[in-house]
Amino acid sequence: MIMETCVDKDIILIEPFFGGSHLQLIEIISSDKLIGPRCIICSLPAKKWQWRARVSALYFSQTIPFGNFKVLFASSVLNLAELIALRPDLAQTKKVVYFHENQLIYPVQQQLERDFQYGYNQILTSMVADKVIFNSTFNMDTFLSSISSHLKLIPDHRPKNLHEQIRPKCQVVYFPLILCVNDVSVEKEREYEHDSSHSIANEKPEKESPCSIINEMPEKVSKDSDSFVYSTETLYKKNHSEDLKTIETAEESNSKTGSFKSFESLLVNPSLCTVTKRGKESSSLNVIAPTDVQLQACSHLLHIVWPHRWEHDKNPESFFSALFQLQADGYNFLVSVIGETFSEIPEIFYTAQQLLKDRIVAWGYQNRCDYFKILDSAHVAVSTAHHEFFGVSMLEAVSRDCYPLCPKRLVYPEIYPDECLYSTQAQLVKCLKRFCQKPICAKLSNKIEIIQRYSWTNLRASYRALLTV
């Protein structure tokens, strides 16, 4: 059923997968003092991603209100071509599509014919859009350079030179982070922070730059349990009329110091490092949330954090293999594995939880408050990803003073200096061993310069330009 006319808003934000970084971006944009009062948000819950990509346009065509919209902003999960065909009243809007990722190079465990449609939808969306925005140069370049090869999967009568039509509309606008940094090199951002139970401004007493990130749901207008249409005006008035709630950590040390304790090696079976899926009848995930006392104790041993989705494209086998090697070689460390989990979890996580049980600080998805507390207590954040187009969680970890160790591939060379990149599994293990011996070495000298580049303060003007006509 078509919703009633919306006459007082001229910006519509559409997100078929309202979770993770997709949700975070919408929240940051809609909380801006110039954009927020002018926009509504239409979204669907962050589940069943494949179905969202296939059919959400049809659903939104029936639920998006009519109005005098001037700008339409959507993620590339939406098939924009289908939506515009079904809702011609939206054709005259300025259509901006944001690519958090691109399906043309997304790694899959098994290539199926239906997978072609995801990339094809994104190509069509790019052709219909007026502005095609990417969260990194890596994302933009790989998308444009892969269009022709993707279309070669069509048996005959293939379209040509589509990348040449799309390229002039393309632009990189990095994903924004809301930072509150007590350092003169970073501009004040408190004006844009929110009162939220998920927002924190923890400060490591020995550090110079605590960080806070918005995570507040706008006021719900639609009562449909499966979809959301939000008015952001009330959200803006509420959030900017109250002070940011803070949670102070109890750490008192002047620096992160570590001690090295040797212990007998543990024998590890390499065959355990395989990806399999547990069925619904399997045991549920044992989530571990740390206490404040446990987090304070982390200052004396290397605390390694892995803040990624528990899925095969993040390559958890490589990460746990490195930890198993540290264990076998007699190194002492602590670990937190705190990414988002879904209905099917790779078997390696169950295996690792048993083999590393005496070293685990936190395990499983954490609320935002505990998430940042864990990052505050950690020394090193590790990525082993086969797929990454930006990496919000790694930058969040850096903002909390974790040292990033990333593979020298994907988007990481675009963001991090060479000192943070490893080329082989052996190099990853070597770096972790060095940090195990001296956790205080896990310092990133140019942290401020890295995170400042992605701050909302620096990117705000670019997003305002995208959402105006």
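Mentor: Gladly, and keep in mind that this model is predicted. Two packed helices are described by the angle between their axes and the distance between those axes. Here, the axes of H9 and helix H10 (residues 347–355) come within 11 Å and cross at roughly 20°. Angles under 35 degrees count as roughly parallel, so H9 is roughly parallel to H10.

Trainee: In which hand does H9 pass H10?

Mentor: The crossing is left-handed.

Trainee: Which residues make the contact?

Mentor: From H9 come Pro316, Glu317, Phe320, Phe324 and Gln327, and they meet Ile348, Phe349, Ala352 and Leu355 of H10.

Trainee: Thanks! Let's turn to the sheet. What is the order of its strands?

Mentor: Read across the open sheet of six strands, the order is E11-E10-E9-E12-E13-E14, and the pairing is parallel. Strand E11 (360–363) and strand E14 (421–422) are the edges, each pairing on one side only.

Trainee: How many bridges join E10 to E11?

Mentor: Three bridges link strand E10 (residues 334–337) to E11, and the two strands run parallel. For a residue to look at, take Val337, whose bridge partner in E11 is Trp363.

Trainee: Which strands does H9 lie across?

Mentor: Helix H9 (residues 316–328) lies across strand E9 (303–306), E10, E11 and strand E12 (380–382), and runs at about 165° to E9. Helix H14 (residues 425–437) also packs on the sheet, where it touches E9, E12, strand E13 (403–407) and E14. The direction of H14 makes about 165° with that of E13.

Trainee: Is His157 buried or exposed?

Mentor: His157 is exposed, with a relative accessible area of 76%.

Trainee: Where is Asp401 placed, and what is its phi?

Mentor: Asp401 sits in the loop between helix H12 (392–399) and E13. Its phi is near 80°, again a positive value in a residue other than glycine. Buried means under 20% relative accessible area, so Asp401, at 10%, counts as buried.

Technical notes. Residues numbered from 1 in each chain as written. Predicted model: local features only at pLDDT ≥ 70, side-chain atom pairs only at ≥ 80, totals over all residues. Heavy atoms only, no water. Pairing = 2+ DSSP bridges. Helix = DSSP H or I, 4+ residues; strand = E, 2+ residues; numbered from the N terminus. Contact = heavy atoms within 4.5 Å. Axes fitted to C-alpha atoms, helices over the stretch in contact; angles between N-to-C directions. Parallel < 35°, antiparallel > 145°, perpendicular 65-115°, else oblique. Left-handed = near helix turned anticlockwise from the far one by under 90°. Buried < 20%, exposed > 50% of the residue type's maximum accessible area, 1.4 Å probe, protein only.
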